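Please read the following walk through a protein model with the sequence and the 3D view side by side.

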Amino acid sequence: MAFWKLVEEAAKVAAHGVAVGAVEAADAVTGRQNADLGRAREAQQQHLNSAVQGVQGNADVVGADLGRVSLVAIASIGALSGILSDGAQRQRLVELIGTYDLHGFIECIVHRRGPLPPDFFPNWTQRAGGYFPKLAQILSVRPDLIRDPEVLQQFGRCCEGMPERPLHEVREHLESQGWSAERTVQVGQHLNTGTVAQVNEWHFDGCPAVLKVTFPRTREQMQRDFRLFQHAKTILASLHMDTQDAAAVLAIFKGVQASEDAVMREFDMIQEARTLQQIEELCVHGAEWERSYRVWVEAAQALILPRLPAHLAVLTGMYIQQAQNSPCRVQVPTVLISESSVLGMRKVPGVSLQEMLSNDTAAVREAMAVMLGVAVPFIGWLLLCQSSSCAAHVDPHPGNFRWDSAERTLYVLDWGSVVTLSEDKRTTLCLMIQMVCQADTDESLVGELANQFGVRGESTAAIGRLVRGLLTSSRHRAAPDELSNAAIERLLDDVDTDVVPVVRCLAILGGMLKKTQQRLREEHDQDVALSLAEIWAPWASRGLVSR
């Protein structure tokens, strides 16, 4: 009987918690001028506090083990009800604690006991929604905050397979933005969904195009969660966490909070359109990219080709040799329309490198040659030479590149995740690249530069070895492995917020190079050293000259 009484009382608390939020919202809207609403708010608060006391009493009867989850969850809501003045935040807290077991989620981060289901964190973050998928993406490259390598790896997969918005919801949103029915009917099937936006097929004046759409509800949910976890210290205290654990978890939430501005900028489709137009100007025929790339291909013949197996060296060399006379072009999608939550772009031709890498042997070889000869150099050029004056792309996974073989053109997609570095940090990154290329460089010197860049730890030599590992891949070890090792050995103390996207970029590229090396080993029984630092060395020199 006591158990069912506990369930009954818990349900009352959840209901009263929602009611408090609703009355609070109505009272705020009316400027707290309505006396009846004020009295109703006070009455609901009293009901909530009374219900919490009922839960506590019945949990004692049921027993400590059974009652712990319910008691922690419901008592936490009661303790916080007077602290959170915003009704939406309070309702969200009820949902996170009562429905999704926030306490259990946090416990699995700081005290994983035994193996987790392989998709525990991807499933949890997608179910909880709000800013949690983005939280996982940010923390996936923060071994200074997440000390468990399995948690890091699972966080890295949390943004894969995000649920799509039905077509009717996309069209309804567009109509709410003033689009006519005749225009919205031109929007077609879903192509891709991320943490912030969704891309659908579209026809613009009869031409194939794509439409990238962000939704107010998603933005509101993320903003609400950022506001809610400004109270992280109080929330953790209400969950009765161990003091040491609470300090570690508070650091995690603070690390995520520091990325709020960058995350919320991803919703700005007008800004993304400006970025596309800026990059387009850099990449037109005869412009800065083409001139710089000619310099790089001359150096690449000595840096890359001697290390590759004969067949891949021939193919990559063909691209490089052709580039001396007629460079491989890099382009971005042409902007057709841009509104606050809508970005329309011309659909680009070609095949994604992701698709090519999962295809037959000939396609895989071509994809690896394009990746080594064009994609990786382009990302490096942006970071090392351009990132102080324009946005640099920091989400370079194979699906964000499309290769048009007939036109020898690489299209770079998805410019929502970008970074701009200060002049000091950009040049420091260039110096790190140069030092890592010198095998006899003292690791402490590399570590000192890393500290200046924003990657810090107690031992400069250990940080130097970590940076060398991030920039040098083998078939056994690459950037993601270095981050896992850094978590295990607790090498990192802090990473600057503006540097986190760069570390994530290095992890993605390092993983791509490692897979290339594994493929070469499987097919040709040959180990190939592919150093991101050496591929980028010409850009490091050029970036220092352009100071």
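Start at Arg 142, which is buried, with a relative accessible area of 4%. The model is a predicted one, and every value in this text is computed from it. Arg 142 forms a salt bridge with Asp 494, and the closest N and O atoms of the two are 3.8 Å apart. The cut-off for a salt bridge is a nitrogen within 4 Å of a carboxyl oxygen, so this pair is counted. Asp 494 is partly exposed, at a relative accessible area of 30%, whereas Arg 142 is buried.

The whole structure has 22 of them. In one, the side chains of Arg 165 and Glu 169 meet at 3.3 Å, N to O. Arg 165 is partly exposed, with a relative accessible area of 21%, and Glu 169 also counts as partly exposed, at 28%.

A further salt bridge links Glu 272 with Lys 212, where the closest N and O atoms are 3.0 Å apart. Glu 272 lies in helix α15 and Lys 212 in strand β3, so this pair ties together parts that are 60 residues apart in sequence. Are Glu 272 and Lys 212 buried or exposed? Both of them are buried. Some salt bridges share partners, and in this way Arg 142, Asp 144, Lys 425, Arg 456, Asp 494, Asp 496 and Asp 498 are joined into one network.

Strand β3 leads on to a sheet. This sheet is open and has five strands in the order β1-β2-β3-β6-β5, with antiparallel pairing. Why is one side of β1 and of β5 left without a neighbour in the sheet? β1 (187-193) and β5 (335-339) stand at the edges and have a single partner strand each, so one side of each has no neighbour there. On average, and with direction ignored, neighbouring strands of the sheet are turned by 20° against each other.

Within this sheet, β1 pairs with strand β2 (residues 197-204) in the antiparallel sense, over four bridges. The two strands form a hairpin with three residues between them. In this pairing, Val 187 stands opposite Trp 202 in β2. In another part of the sheet, strand β3 (residues 207-214) runs antiparallel to strand β6 (residues 342-346), and five bridges join the two. Here Leu 211 stands opposite Gly 344 in β6. Helix α15 (residues 269-283) packs on the sheet and touches β3, β5 and β6; the direction of α15 makes about 150° with that of β5.

β4 runs parallel to strand β10 (residues 409-412), and three bridges join them.

Now turn to the cysteines. A disulfide is a covalent bond between the sulfur atoms of two cysteines. How many disulfides does a search of the whole structure find? It finds zero. Take Cys 159 as a case: the closest cysteine sulfur to its own is in Cys 158, 6.7 Å away, which is too far for a bond. Cys 159 is partly exposed, with a relative accessible area of 21%. Cys 207 is partly exposed too, with a value of 33%.

The last stop is Gly 511, found in helix α24 (residues 500-524). Gly 511 counts as buried because its relative accessibility is 17%, and the cut-off for buried is under 20%. The C-alpha atoms of Gly 511 and Leu 470 are separated by 9.8 Å, while the two residues are 41 residues apart along the chain.

Key
Residues numbered from 1 in each chain as written. Predicted model: local features only at pLDDT ≥ 70, side-chain atom pairs only at ≥ 80, totals over all residues. Heavy atoms only, no water. Pairing = 2+ DSSP bridges. Axes fitted to C-alpha atoms, helices over the stretch in contact; angles between N-to-C directions. Contact = heavy atoms within 4.5 Å. Buried < 20%, exposed > 50% of the residue type's maximum accessible area, 1.4 Å probe, protein only. Disulfide = S-S within 2.5 Å.
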